[in-house]
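Keep the model in view while reading.

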Amino acid sequence: PIFVSWNGFAEVLLGMDGNDLHMKPVKSLYPEHEWRRIRSHNVRRKGMQHHIETRVIRKDQDIIDVDLSVTVLKAPDGQITGSIGILADVTDRRRTEQALRESEERLRALVENAPDSITVLDFDGTILDSNKKGEGLFGYSRGEMSGKSMFDLGMIPEECVAKTSRALERTIEGVEPKPFEFELVRKDGSQITAEVTTIASERAGKAEIICISRDITERKKAEEALRRSEE
């Protein structure tokens, strides 16, 4: 296929004028591997194809990202006479998406390797996610915790259930988060003291609670030993 007609935006997009585009092979606009991929969509057989994300080469040899939609033109007898292609420049959008992905990857790495336990709950205490430190703090793997209530797993001692529920409610109500101390039960039945901060958050339109926990058991023991020594 070759170019026989185009609009002004096509010239701006491709950095070309009429002399550059007239009778120019369509194939020459695409990197070779992209042209093969576009041809694999079998647009001639399907008749049209919308929103193919691909890349084209401008006159200055800069390669840009585009969204391509193609419709095949046919004569009354059904013979293919040409096609209409609509290109939209999505370079900035792709760069923004790439920057967002990189930002999310950095954030995931920070969360995963944080020195404190980071656990994500929904508002009834069901565990949605955790980092490596969270697995170490509670003694459960992520698979064992995910989708289960921290109350049903027995992570909260009976005498602390009401206090924990109230803390979650205060987070939901938007009360400014302040660290507070909790007694937690690990998978092996041992009990630890943790300093916990809860933060209300939202992901994909769904409200969540982020719990940042730090094991302060040894610190509490040292404080108690010091108090006894002072007495």
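Which element gives the most to the lining of the second largest pocket? Helix H5 does, with five residues. The model is a predicted one.

Besides helix H5 (91-112), two or more residues each come from strand E4 (117-121), strand E5 (127-130), strand E7 (191-203) and strand E8 (206-215).

The largest pocket holds about 1,000 Å³. Its lining has 33 residues. Nearest its centre lie Val26, Val70, Ser83, Ile84 and Gly85. Strand E3 (80-89) supplies at least two lining residues, as do helix H1 (8-14), helix H3 (32-39), helix H4 (43-46) and strand E2 (63-74). The largest share is that of E3, with eight residues.

**Aromatic pairs**

How many aromatic pairs does the structure hold? There are two. In one, the ring centres of Tyr30 and Trp35 are 5.5 Å apart. Their planes meet at 40 degrees, so this pair counts as tilted. Tyr30 and Trp35 are both buried.

The other pair joins Phe180 and Phe182. Here the centres are 4.7 Å apart and the planes stand at 85 degrees, an edge-to-face arrangement. Phe182 has a relative accessible area of 6%. Phe182 is therefore buried, as the cut-off is under 20%.

**The buried side of H3**

Trp35 also belongs to a buried set in helix H3, together with Glu34 and Ile38. Why do these residues lie on the same side of H3? They span an arc of only 100 degrees around the axis, which puts them on one side of the helix. The general rule is that an α-helix has 3.6 residues a turn, so residues three or four places apart point the same way.

What covers the buried residues of H3? The cover includes strand E1 (48-57) and E2. Both H3 and E2 also supply at least two residues each to the lining of the largest pocket.

Terms used
Residues are numbered from 1 along each chain as its sequence is written. This is a predicted model: local features need pLDDT of at least 70, side-chain atom pairs count only at pLDDT 80 or more; totals for chains, interfaces and linings use all residues. Side-chain values use heavy atoms; hydrogens and water are left out. On a 1 Å grid over the protein atoms alone, a cavity is a set of points where a 1.4 Å probe fits but cannot get out, and a pocket is an open set with protein on both sides within 12 Å along at least five of seven lines; lining residues have an atom within 4 Å of a point. Grid points are joined across faces, edges and corners, and a volume is the space filled by probe spheres set on the points. Helices (H or I, at least four residues) and strands (E, at least two) are DSSP runs, numbered from the N terminus. Rings of Phe, Tyr and Trp (its six-membered ring) pair if their centres lie within 6.5 Å; planes under 30 degrees apart count as stacked, over 60 as edge-to-face and the rest as tilted. Buried means under 20% relative accessible area, exposed over 50%, partly exposed in between (1.4 Å probe, protein chains only). The arc is that of the directions from the helix axis to the C-beta atoms. Contact means heavy atoms within 4.5 Å.
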